[in-house]
Amino acid sequence: MRSSGRNNRDSGRGNYRGAGNKKDEKQQRAGRPRPEERRYDVGGTGGTGGSSERKDERRGGGSRGADARGGAKGGPRTGAASKGARPGGKGGGPQRGRGQAPARPREYDAQVEERNRARHNKPQVKTPKTFGEQEGERLQKVLARAGMGSRRACEELIDQARVEVNGRIVTEQGVRVDPEKDEIKVDGLTVATQSYLFFALNKPAGVVSTMEDPDGRQCLGDYVTNRETRLFHVGRLDTETEGIILLTNHGELAHRLTHPRYGVKKTYLAAIQGPLPRDLGRQLKDGIQLEDGYARADHFRVVENTGKNYLVEVSLHEGRKHIVRRMLAEAGFPVDKLVRTAFGPIALGDQKSGWLRRMTNTEVGMLMREVEL
């Protein structure tokens, strides 16, 4: 009986203690705000309410607890944090994180970018040259740009005494030249260092030897329409004559190549019908009387013979109109087909009909030497 009474007292005492603990917990919870009522202030710009609330929260009571209890019961909140700590509230304005810089307007960023661009886009100021500094470009650089090889290869050409400037052989490195004024030669051939263009075209039959044709016929200009610099043809070929024709923008070279004084040789292949007399070559070399005077061939030979069909080669330095056709027709052998295979030192080779190619520097040098340029 005693044991049962003690147990009842212990149980009652335990119940009493349990009830007290629950009451304490209610009091503690009453002193703290509910999770939905808590305010987490990041900055302190909304007044002193944020700092006082954090201190009260650490202490577990004070005005924070009173404000929270008042808010829980529906009464008005009197804390500064309740008005000013809310982001975007009436009291404190927008809140910023601690240590963050204020945002700059886009207009200011655009002005900064424009100033930076203006500073970097200024025209380059040419500083005055120091005393003793030479003008022009290094010789090996000019030769390399003209297509004579790499700079190292051009330096070897200079070391081998194969380069001359204005008639004087250059053997030392670093010599500066003016490519627009100085005459530069390699192995006796002039190097085209200026901004000149030289092309060789295998003109097909039916193409007119003009750069523009008012009648709309196919002409030489149709092959160079995409060139930035205007080109012109050196001499002419008949409309039905095929073969090599030169195009360039070097006026003096084109003039000398067509002038009778320099006598640049042209070579043709002509298809005629035989049989041919043995002295046909001698007749052409001695001269054939034409309407505008005598015309003489420099060279004649039979290249191929199949029955009555002959393929002959004729070379001459004259450039009169239809000169080869007229000479052979006057000798009694009209031409069926005519092809120019060489203009001076520039040969047609295996270049296909209608193809345009850029002449090499060596070919340009040989042409200039042919007309004493």
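A residue counts as buried when its relative accessible area is under 20%, as exposed when that area is over 50%, and as partly exposed in between. With that in hand, let us walk through this structure, which is a predicted model.

Lys-185 forms a salt bridge with Glu-183, and the closest N and O atoms of the two are 3.8 Å apart. Glu-183 is partly exposed as well, with a relative accessible area of 33%. On another side of the story, Lys-185 stands opposite Thr-190 in strand E6. Thr-190 is buried, because its relative accessible area is 9%. Leaving aside neighbours within four places in sequence, Thr-190 is in contact with Glu-183, Ile-184 and Lys-185, and also with Asn-361, Gly-365, Met-368 and Leu-373.

Four strands form an open sheet, in the order E3-E2-E5-E6, with antiparallel pairing. Strands E3 (168-169) and E6 stand at the edges with a single partner strand each, so one side of each has no neighbour in the sheet. Between E5 and E6, which run antiparallel, there are two bridges.

Arg-162 pairs with Asp-187, and their closest N and O atoms are 2.7 Å apart. Arg-162 sits in the loop between helix H7 (151-159) and strand E2 (163-165), while Asp-187 sits in the loop between strand E5 (184-186) and strand E6 (189-190); the two are 25 residues apart, and the pair links distant parts of the chain. Arg-162 is partly exposed, with a relative accessible area of 32%, and Asp-187 is partly exposed too, at 44%.

Let us move on to another strand and its partners. The side chains of Lys-337 and Glu-242 meet in a salt bridge, with 3.8 Å from N to O. Lys-337 lies in strand E15 (residues 335-343) and Glu-242 in strand E9 (residues 242-248), so this pair ties together parts that are 95 residues apart in sequence. Lys-337 is partly exposed, with a relative accessible area of 45%, whereas Glu-242 is buried at 19%.

What surrounds strand E15? Seven of the nine residues of E15 are buried, so the strand is largely enclosed by the rest of the structure. E15 pairs with E9 in the parallel sense over two bridges, and here Gly-243 has Arg-340 in E15 as its bridge partner. With strand E10 (residues 266-273), E15 pairs in the antiparallel sense over seven bridges; in E15, Ala-342 is the residue that stands opposite Thr-267.

E15 has yet another partner, strand E16 (residues 346-347); two bridges join these strands, which run antiparallel.

To finish, a word on the charged pairs as a group. The structure holds 16 salt bridges. Some charged residues go beyond simple pairs: Asp-292, Glu-318, Arg-320 and Arg-326 are linked in a network of salt bridges.

How values were computed:
Residues are numbered from 1 along each chain as its sequence is written. This is a predicted model: local features need pLDDT of at least 70, side-chain atom pairs count only at pLDDT 80 or more; totals for chains, interfaces and linings use all residues. Side-chain values use heavy atoms; hydrogens and water are left out. A salt bridge is a side-chain nitrogen of Lys or Arg within 4 Å of a carboxyl oxygen of Asp or Glu. Buried means under 20% relative accessible area, exposed over 50%, partly exposed in between (1.4 Å probe, protein chains only). Two strands pair if DSSP finds at least two bridges between them. Contact means heavy atoms within 4.5 Å.
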